[in-house]
Amino acid sequence: GGGGVGVHDQPGPLRERRPTPAATLRPATSDAAGSGPERRVGPLSGPVRLLSTAVFIEALLMVGFIALDVVAAARSEDVEWGAVWFVAVVLGLWSAGLFVVSRGVLAGRRWAFTPILFTQGLFGIAGITFFGAAAPTARVIWGVVIVGAVVVLRLLFSREVREHLIYTNT
């Protein structure tokens, strides 16, 4: 024989065809094709609804912060309006995105996972960073932000939410 490298094309464990286990297969529904973005598989579980609600509330709180920031700036005499509007636009776009993500969670969209993870990471880092240097009242607020981020992360990684985000997407 030839100058081969010693590998023979023989059937082995990597070349065998194994059928997909029946437990991993889901029956196709008649409305699976083209049913739109709001298609759901079965009723929504409590953790999925709670996660969507928590993200929606975070977005509302961000809008509230924008309003408070603009009102406080309007009452102040020495204001850098460029900075105020920059914060308002950035947080406004971010909160608008969270409103969309909240709907995406209900619809079981996998893309909703990453913005929630990113937001909670930033909220957690900001909360931990500012907690130590804050006044007593602000410590309560930053403590609530930290606890909220942990709760949302716990919901995000719960089995029910992960299965909803995986099995709703076909």
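This briefing describes the fold, surface and selected contacts of one protein.

The structure is a predicted model, in which local features need pLDDT of at least 70, side-chain atom pairs count only at pLDDT 80 or more, and totals for chains, interfaces and linings use all residues. Residues are numbered from 1 along each chain as its sequence is written, and side-chain values use heavy atoms, with hydrogens and water left out. The protein has five helices and zero strands, where helices (H or I, at least four residues) and strands (E, at least two) are DSSP runs numbered from the N terminus.

**Burial and surface**
- Of the 170 residues, 25% are buried, that is, under 20% relative accessible area with a 1.4 Å probe, protein chains only.

**Packing of α1 and α4**
- Helix α1 (residues 46-75) packs against helix α4 (residues 136-156) at an angle of about 145 degrees, with the axes 9 Å apart; axes are lines fitted to C-alpha atoms over the stretch in contact, and angles run from 0 to 180 degrees between N-to-C directions.
- Pro47, Leu50, Leu51, Ala54 and Glu58 of α1 meet Val152, Leu155 and Leu156 of α4, a contact meaning heavy atoms within 4.5 Å.

**Surroundings of Met62**
- Met62 lies in helix α1 and counts as buried because its relative accessibility is 6%.
- Beyond residues up to four places away in sequence, Met62 touches Leu91, Trp94, Ser95, Leu98 and Phe123.
- Met62 and Trp94 are 32 residues apart along the chain, and their C-alpha atoms are separated by 8.4 Å.

How values were computed:
Buried < 20%, exposed > 50% of the residue type's maximum accessible area, 1.4 Å probe, protein only.
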